[in-house]
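Let's learn to read a protein model together, one feature at a time. Keep the picture open while we talk.

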Amino acid sequence: MNLHPLRPYQSDTINNLRESMKAGFRRIVLQLPTGGGKTRIAAEVIRMANEKRNRTLFLAPRRELITQACSALVRQGLRPGVIMAGEPRDLGADVQVASFDTLHARAIRSHRMAMPEADLVIVDEAHLSIAESRKTIIAHYGDARIVGLTATPARGDGRGLGEIYEDLVLGPSVAHLVDEGYLVPLRYFAPTAPDLAHLRMNRDGDYAETGLAKRMDTPQLVGDIVENWLRLARSRLTVVFCVNCAHSRHVCESFLAQGIRAEHLDGETPTAERKAILARVAKGETQVLCNVFVASYGLDIPALDCAVLARPTKNIALYLQTVGRVMRTSDGKNDALVIDHAGAVKENGFADEYVPWSLDGNEKVKDRKDRLAKERKEPKEIECRQCHTLFKARRDCPNCGCVIVPPSKAIPIHEAELEEIKRAQSKDNREATWPEKQQFMAGLRAYANEHGYADGWVAHKYRNRFGCWPNDSRVKHVPPQQYSDELRRWLISQQIRYAHRRAA
């Protein structure tokens, strides 16, 4: 019995996944933003597989994720078995939920147990499945269907996951989930800009930890974190992302010195203590959680409404995973703050910006995003000199009202077009219907084919017209059809408007 109804976009995402399977793909990545309910979708997919008597294995890299998956499956009326250190086995369970590390240690490295049989394998946090030990486990299930779940379908170096997966199913965008009220909007502050010049990079193209820790773990920067938090987020439940254990402990000690209830958490924290710390944060008994990577994925505390970024990163997937921790909805929560001491927002963009995910393993997602931004001529970020809010495409700060760009100066942009985005309305001032949106999308695709424009151009013109990305299944796969004169005139009007702005 389904005791937890699906949201409409979750049903659409499952339908898109089934269409991919019907098309013959056997290894599929399902992308959904953090907080969008990937575990809920997985539980429904497993329930459907169980009804057909298909055996399912759910793989996860962390204890908290395994606990969350088991709870979701129980709510679906299923009986999950657990393969994880310290947990008893249940060989007769409807579905097996396994720790990657435990399964690899017991079944592959030491052969103390047989690999569980499975017709369907679901891989949680699929962006981590590129590790050799995890690839070995996935390769064992060559005849099964593999479904990877992730908010960020890219490796640590930003390249796609095409080495393992054959198809990519995209869920709704972050912007869409915010617009629909399923996630809260973010407000960004950048009170300090660290000096990251001449730092060495690791093999993934991100900052090497040793040099980064020396640059970030200084009394001045650590003190600045606490000072700005007291100014901007004094009453908020907060998670702080640090470089390493020493850095996290120093930040934690600085909060404690100010009388703030803070705790430190890292990968070496004993399981029972870790569980107790997270429980205290969830209850609000601990207000600030300082951590190293532990909260980057798998942390599900909806009341968190402030993220402090104290670890610079060029890894857009890691960045989106971290800020996504504070975007879940909760009673009385209207927004969340990102206090960026790491230059991460300027490096990676706002969380609700379009990200061109792809399985392509030859190009980094950030390079692809930068190229599209240049083609779209997106506006640059502006930092308020009064309150340090980051924003775009306006002269006055949305937080404090300070006029940043005098009327005599042009708003900073990437050299050209900044298009106005409006909600689509028809002539009688009503919201556009789905058939109207489908017709518009079909015409856009035909126009793009005729003029040699890429899919990104289609997506952005659709967003200009309707105020959201074309991720809904009702328009996502609409084939091209002859465009109307009305659509052609609308596109010309956009070009004329752009030309007028250039002339001004």
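**Reading the model, step by step**

A: Phe293 has a relative accessibility of 35%, so Phe293 counts as partly exposed. Keep in mind that this is a predicted model.

Q: Where in the chain does Phe293 lie?

A: Look at the loop that runs between strand 11 (288-291) and strand 12 (306-309); Phe293 lies there.

Q: What about the phi of Phe293? How do I read that?

A: Here's the general idea: most residues other than glycine have a negative phi. Now the case here: Phe293 is not a glycine, yet its phi is positive, about 70°. Glu125 is another one to check, with a positive phi near 50° in a residue other than glycine.

Q: Where is Glu125 found, and is it buried or exposed?

A: Glu125 is found in the loop between strand 5 (120-123) and helix 5 (132-140). Buried means under 20% relative accessible area. Glu125 has 5% relative accessibility, so it counts as buried.

Q: Which residues does Gln321 touch?

A: Leaving out residues up to four places away in sequence, Gln321 touches Thr34, Glu125, His127, Thr150, Ala151, Thr152, Ser296 and Tyr297. So you meet Glu125 again in that list. Gln321 itself lies in helix 11 (residues 316-323), and Gln321 is buried, with a relative accessible area of 3%.

Q: How do I describe two packed helices?

A: Two packed helices are described by the angle between their axes and the distance between the axes.

Q: Which residues make the contact of helix 14 and helix 15?

A: Among them are Trp434, Phe440 and Leu444 of helix 14, and Trp457, Val458 and Tyr462 of helix 15. Sort the residues of that contact by type and you get ten nonpolar, no polar and four charged.

Q: Last topic: how many cavities of 30 Å³ or more are there?

A: The count comes to three cavities of 30 Å³ or more. The largest cavity holds about 110 Å³ of space.

Q: What lines the largest cavity?

A: It's lined by 14 residues, and Phe241, Arg311, Thr313, Leu318 and Thr322 lie nearest its centre. Helix 11 gives the most to this lining, with three residues. By type, the lining of the largest cavity divides into nine nonpolar, four polar and one charged.

Methods. Residues numbered from 1 in each chain as written. Predicted model: local features only at pLDDT ≥ 70, side-chain atom pairs only at ≥ 80, totals over all residues. Heavy atoms only, no water. Helix = DSSP H or I, 4+ residues; strand = E, 2+ residues; numbered from the N terminus. Buried < 20%, exposed > 50% of the residue type's maximum accessible area, 1.4 Å probe, protein only. Contact = heavy atoms within 4.5 Å. Nonpolar A, V, L, I, M, F, W, Y, C, P; charged D, E, K, R; others polar. 1 Å grid on protein atoms, 1.4 Å probe; cavity = no way out; pocket = protein on both sides within 12 Å on 5 of 7 lines; lining within 4 Å. Points joined across faces, edges and corners; volume = space filled by probe spheres on them.
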